[in-house]
Amino acid sequence: MVDNRYATALVIGCVLSIIATVYLSVAVGTQHWYQYSSPSVRGTANVSELRSLHEEFFTEDGELDEKTCSDTLFRLNGTTGLWWRCVLVPASNNWYKEEPGVKMVMDCKSFTLSQQFTHKYKEPGNHNSGEDMLRTYLWRCQFLLPLVSLGLVVLAGLVGFCACVCRSLSPTLGIGVLHLLAGLCTLASVCCYLAGMDLLHRVSVLPDKVDGSLGWSLYLALMSSPLHMMAAALLVWAARSHSQNYYRMTAYRVA
């Protein structure tokens with residue numbers, strides 16, 4: 001039998017784990033980790049240049065040109081995530097026409113798997129400037145670590161299912177440790193992303209009147225980390241307390 005306190009801790013831990021996993025899954029699949037706010041491009045003298053940037057931004061299938069990608073995001077109200085990059089453009093593709101209430105749409109393109117492993121350079125777009133190892137590995141860690149975190153949660157779920165089938169509370173300690181590692185991986189991913197964006201802005205100066213801000217996807221990922229850790233704490237406490245209580249009861253009966 002499981003004491004009501006331990007059962008309650010297990011239920012709350014499972015609920016927190018589910019909420020954290022949903023938050024992290026949504027964060028990984030959406031593009032609002034970082035967003036830029038730039039002035040209107042319609043009717044300006046450099047419209048043709050911006051349209052050219054937009055076309056190049058979406059015809060790029062090989063190695064990612066970081067400078068082109070960054071400039072387009074900077075100047076077209078771009079948003080970026082772990083797997084997506086989007087820009088805000090007129091729905092009619094009539095960039096020159098100034099009309100009040102023109103409908104703007106978000107045009108998105110995903111990063112390919114090979115682009116996720118693209119080398120970063122000390123000067124974006126300049127292959128002769130030398131590879132920036134720190135930014136390269138931060139970029140790779142920021143998209144690998146959430147996948148590791150989700151994998152750990154799935155593994156914890158499988159172990160928990162087997163524990164329910166076997167009617168054993170012993171694996172709960174291991175499940176709690178897996179959730180703790182998942183929370184740490186998520187937190188490390190957010191830190192890698194923020195550090196990478198900070199380094200990018202140091203080597204790529206933002207144009208005038210362009211502001212950057214954190215998006216809601218990043219906050220979802222950030223919220224999932226402590227939720228996983230709280231679930232881990234509850235699961236570890238329930239496992240340890242139940243184990244100690246079981247040993248005390250066994251010792252009492254033997255005595």
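Predicted model: local features only at pLDDT ≥ 70, side-chain atom pairs only at ≥ 80, totals over all residues.
How many bridges join β3 to strand β4?

1. Strand β4 covers residues 104-110, and seven bridges join it to β3, with the two strands running antiparallel. One place to look for this pairing is Pro90, whose bridge partner in β4 is Met104.

2. On to the pairing with β2. Strand β2 spans residues 79-80 and pairs with β3 over two bridges, in the antiparallel sense. Three residues lie between β2 and β3, and the two strands form a hairpin.

3. Strand β3 itself takes in residues 84-90, and five of its seven residues are buried, so the strand is largely enclosed by the rest of the structure.

4. Now have a look at Thr79, which sits in strand β2. Its relative accessible area is 4%, and because buried means under 20%, Thr79 counts as buried. Beyond its neighbours within four places in sequence, Thr79 is in contact with residues including Gln31, His32, Leu73 and Met106, and also with Trp84, Arg85 and Cys86.

5. Thr80 also has its place in strand β2. With a relative accessible area of 7%, Thr80 is buried. Setting aside neighbours within four places in sequence, its contacts include Trp33, Tyr34, Phe111 and Tyr193.

Terms used. Residues numbered from 1 in each chain as written. Heavy atoms only, no water. Buried < 20%, exposed > 50% of the residue type's maximum accessible area, 1.4 Å probe, protein only. Helix = DSSP H or I, 4+ residues; strand = E, 2+ residues; numbered from the N terminus. Pairing = 2+ DSSP bridges. Contact = heavy atoms within 4.5 Å.
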